[in-house]
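Subject: Structure handover

Hi,

Here is the structure I promised to pass on.

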Amino acid sequence: MARPLRGALIGCGFVAQHHLAAWPHVPGAELGAVCDVRPERLAWATSLCANVRPYADAAMMLAAERPVALLCGEKGTLVYNKGYAEICGTRHPAVLGKDVLEAWPEAADFNGNVLATCLAGGKLTYKDTHLVLQRNGAPEDTWFDLDYSPFRDETGRVTGVLALVSETTAHHH
């Protein structure tokens with residue numbers, strides 16, 4: 001009988017449990033809050049965002065106080081930190097590793113424009129933007145400040161989208 005796979009997803013890469021001891025201490029990084037250790041995630045983890053430097057890019061994202069997501073590749077495969085996991089509500093952890101259009105179908109037009117714009121090298125900023133999202137099983141009115149920019153590899157090629165997210169819904173209640 002095979003032993004269960006033990007490890008952690010770091011950014012878009014995979015790090016085995018025995019490698020975690022080498023992870024540099026990053027204040028505020030809570031790997032367990034966003035890591036998915038199911039073996040079926042290994043396939044996408046090893047095939048997407050090979051350009052993400054796990055000890056630099058992922059550490060910075062995981063340590064951020066603000067919700068941060070990386071939309072990897074042309075389909076925007078989601079990798080995110082604890083703050084973004086909280087925004088996902090009950091959709092987390094199921095949306096970790098899913099394409100953004102599949103993960104948020106009710107915002108597919110919005111996210112499709114984000115992908116098209118940023119993968120072409122553009123940037124987008126939205127302030128107090130209204131979206132109706134189904135984060136906890138029912139549609140809810142939400143508002144966000146959103147900043148999107150191209151994520152580039154070491155050669156300068158755009159390989160994804162960096163999303164910085166601040167929820168402003170509380171200001172509307």
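The accessible surface of the chain comes to about 9,000 Å², and 56% of it belongs to carbon and sulfur atoms (areas are from the Shrake-Rupley method with a 1.4 Å probe; for residues, only the protein chains shown count as cover). This is a predicted model, where local features need pLDDT of at least 70 and side-chain atom pairs count only at pLDDT 80 or more, while totals for chains, interfaces and linings use all residues. Residues are numbered from 1 along each chain as its sequence is written, and side-chain values use heavy atoms, leaving out hydrogens and water.

Of the 173 residues in the chain, 45% are buried (under 20% relative accessible area). The chain has 6 helices and 7 strands (DSSP runs: H or I of at least four residues, and E of at least two, numbered from the N terminus). From the N terminus, the order is β-β-α-α-α-β-β-α-α-α-β-β-β.

Now the rings: there are 4 aromatic pairs (Phe, Tyr or Trp ring centres within 6.5 Å, with the six-membered ring used for Trp; planes under 30 degrees apart are stacked, over 60 edge-to-face, the rest tilted). One of them joins Tyr-80 and Tyr-84, with centres 5.1 Å apart and planes at 40°, so it is tilted. Tyr-80 is buried at a relative accessible area of 1%, and Tyr-84 is buried at 9%.

Phe-110 and Tyr-126 also pair, and their planes sit at 50° with centres 4.9 Å apart, so this pair is tilted. Because Phe-110 lies in helix α6 (residues 108-119) and Tyr-126 in strand β5 (residues 124-133), the pair ties together parts 16 residues apart in sequence.

Best wishes

Note on methods:
Buried means under 20% relative accessible area, exposed over 50%, partly exposed in between (1.4 Å probe, protein chains only).
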